[in-house]
Amino acid sequence: MSEVKKINIALLGLGTVGTGVYKVLKSQQEEMPCKIGAELVIKKILVRNLEKAAAKVDDPSVLTNDWNEIIQDGEIEIVIEVMGGMEPAKTYMMQALAAGKNVVTANKDLVAVDGKELLDMAALNQKDFLFEAAVAGGIPIIRPLKQCLAGNHLSEVIGIVNGTTNFILTKMTEDGMEFADALAMATELGYAEADPTADVEGLDAGRKVAIMASIAFNSRVTFQDVYTEGITKITATDIRYAKEMGCHIKLLGVARNTEGGIEARVHPMLIPSTHPLAAVNDSFNAVFVHGDAVDDAMFYGRGAGELPTASAIVGDVCDIARNIRFGCTGRISCTCYKNLPIMKIEDVRSRYFLRMQVEDHPGVLASVASVFGNNGVSIEKIIQKTKRGDLAEIVVITDSIEGRHFDDSLKIFASMSMINEISAVIRVYGHS
Ligand SMILES: NC(=O)c1ccc[n+]([C@@H]2O[C@H](COP(=O)([O-])OP(=O)(O)OC[C@H]3O[C@@H](n4cnc5c(N)ncnc54)[C@H](OP(=O)(O)O)[C@@H]3O)[C@@H](O)[C@H]2O)c1
């Protein structure tokens, strides 16, 4: 073995992921020189509370609450940011890159909004800025998209990229639970945060879609470009009807490269139970990719958690360490060399599942069909389900249509006295 280089690392944050990174680097300490020809040494760990952090490390002298001790240390070559949030994380990463340090982060909130600025700063300084852990935690997806699948024109990336919502929907599907009960269970088991908004409203998944779409289609998509809709309105009844139709309801992140532009969206969707993503349950994540050369490929695994997320981060660190050894940092930088338009959600075509409570008398179904017909919406099927007093429940599945035509029909339904309630609107996977 050639001479082993010592590479000094600074860790920013020692929470869930930071602790995982610390443990993984410790457990790999002896093997790293053989694997990558370098010894990885955690020289400093930035924390807010030194006392609280001391119990988590073997040697508390590595702890600091002063960023200057890290940014001014010329021996530190890699900074791992796992504090989360926008600031001071962004400033620290920009300063680290400007000072000639390589940066690894798991911060999807920041990468989905300011990724370009950080990548540009890395390129300017010929350093690496890597963020494998920012999408789907432990599942390798950024590197496969950038590197292993570079020989493809990718047309579609669809994923279950939020473990909390997938756990909730799995409980609703398998145990017939309502949303609120399944959320309470997810909170109790530690799958949901105290404020679950970012997960259940699809925001967390939206950030990951922005990052994946940018890389897959070589054109910048930011979080603000992604349409997001969560799972809070999904009921056990919708799940039951989906099952009757041979479908599962999943919160899907969808990125498609179409002739009209890039579709970037997160929303619940009925997908056939035979689709590989329908079998992804509990807190697991999966990303399904279609390319012109590879055809279909799926990546599956743990989308979050202390050690799975640390696994992705340490993978990035190893890549950088190899680059440092061979003097070739900045090898894979920003790959957004196109400027494709982003489609508005009302222009995106989809099939729809619509559940409504209507007055139970002749002519109502014909009126519903007529509103759809007048708005250019063709119906795949319309089924009358249960009756409750004077009301009947009907379920409509439309053909694939532009969102605007469906929305126009909904506005009219909302104003019709014979329609008592619009109970559910959920998109349906695939084209009729
Ligand atoms: N958890 C996961 O499974 C997961 C998966 C993928 C990506 N990520 C991303 O990884 C990042 C970290 O997540 P996490 O779950 O590990 O969060 P966490 O448990 O809240 O840990 C964050 C840590 O950073 C520290 N910190 C925050 N601001 C700081 C500052 N200004 N100076 C020094 N220390 C600071 C916090 O200290 P205090 O304890 O004093 O507040 C805390 O220990 C986030 O960007 C998240 O989106 C997490």
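This is a predicted model: local features need pLDDT of at least 70, side-chain atom pairs count only at pLDDT 80 or more; totals for chains, interfaces and linings use all residues.
Residues are numbered from 1 along each chain as its sequence is written, and side-chain values use heavy atoms, with hydrogens and water left out.

**View 1. Gly-13 in its loop.** Gly-13 sits in the loop that joins strand S1 (5-12) to helix H1 (16-27); these are DSSP runs, with helices (H or I) of at least four residues and strands (E) of at least two, numbered from the N terminus. Gly-13 is buried at 10% relative accessible area (buried means under 20%, with a 1.4 Å probe and protein chains only). Beyond its neighbours within four places in sequence, Gly-13 is in contact (heavy atoms within 4.5 Å) with Gly-18, Leu-46, Val-82 and Met-83.

**View 2. Thr-19 in helix H1.** Now look at Thr-19, which is part of helix H1 and is buried, with 11% relative accessibility. Leaving out residues up to four places away in sequence, Thr-19 touches Leu-14, Lys-56 and Glu-306. A polar atom of the Thr-19 side chain lies 3.4 Å from the backbone oxygen of Leu-14.

**View 3. Backbone atoms at the ligand.** Here a polar backbone atom of Gly-305 is 2.7 Å from a ligand oxygen. For Thr-16, a backbone N or O atom lies 2.9 Å from an oxygen of the ligand, while Gly-15 has a polar backbone atom 3.3 Å from a ligand oxygen.

Definitions and conventions. Buried means under 20% relative accessible area, exposed over 50%, partly exposed in between (1.4 Å probe, protein chains only). A polar contact is a pair of N or O atoms within 3.5 Å; within protein, one must be able to donate a hydrogen and the other to accept it, and residues adjacent in sequence count only if both atoms are side-chain atoms.
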